[in-house]
Amino acid sequence: MDSPNIELHIDRLILDGIEISNAQRPLLQAAMEAELGRLMRSGGVGAGLSAGGAVPSVVAPAIQLSPEGSPVQWGQQIARSVYGGMGA
């Protein structure tokens, strides 16, 4: 059986209180995409999303990002929060 094709588009991500340089943004994005993909492959998606269709927004649980963290760590943590907000 083929895996479902899931397209996820995040229009805007606001990181309040965390400074990230333009050079670090691709690292955060890649880490977030990789972690979201891993979570969806291993845990699937919630019933509301598995039927298909567009969802205009997802409210993700608030998280605290450590200023000492790396863009990779932040991306993984953000992905886990977004995944939790997807009802998985």
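A pocket is an open set of grid points with protein on both sides within 12 Å along at least five of seven lines, and its lining residues have an atom within 4 Å of a point. The views below show a predicted model.

**View 1. The second largest pocket and its lining.** Seventeen residues line this pocket, and Ile-10, Leu-13, Gln-29, Met-32 and Glu-33 are the ones that lie nearest its centre. Its volume is about 500 Å³. Sorted by class, the lining of the second largest pocket holds twelve nonpolar, three polar and two charged residues.

**View 2. The largest pocket and the residues nearest its centre.** The volume of the largest pocket is about 1,000 Å³. Its lining is made up of 35 residues, with Leu-8, His-9, Ile-10, Val-58 and Val-82 nearest the centre. Two elements, α2 (47–50) and α3 (71–85), each give two or more residues to this lining. Helix α3 provides the largest share, three residues. The lining of the largest pocket comprises 23 nonpolar, eight polar and four charged residues.

**View 3. Ser-81 in helix α3.** When neighbours within four places in sequence are left aside, Ser-81 is in contact with Ala-60, Pro-61 and Ile-63.

Methods:
Residues are numbered from 1 along each chain as its sequence is written. This is a predicted model: local features need pLDDT of at least 70, side-chain atom pairs count only at pLDDT 80 or more; totals for chains, interfaces and linings use all residues. Side-chain values use heavy atoms; hydrogens and water are left out. On a 1 Å grid over the protein atoms alone, a cavity is a set of points where a 1.4 Å probe fits but cannot get out, and a pocket is an open set with protein on both sides within 12 Å along at least five of seven lines; lining residues have an atom within 4 Å of a point. Grid points are joined across faces, edges and corners, and a volume is the space filled by probe spheres set on the points. Helices (H or I, at least four residues) and strands (E, at least two) are DSSP runs, numbered from the N terminus. Ala, Val, Leu, Ile, Met, Phe, Trp, Tyr, Cys and Pro count as nonpolar, Asp, Glu, Lys and Arg as charged, and the others, Gly among them, as polar. Contact means heavy atoms within 4.5 Å.
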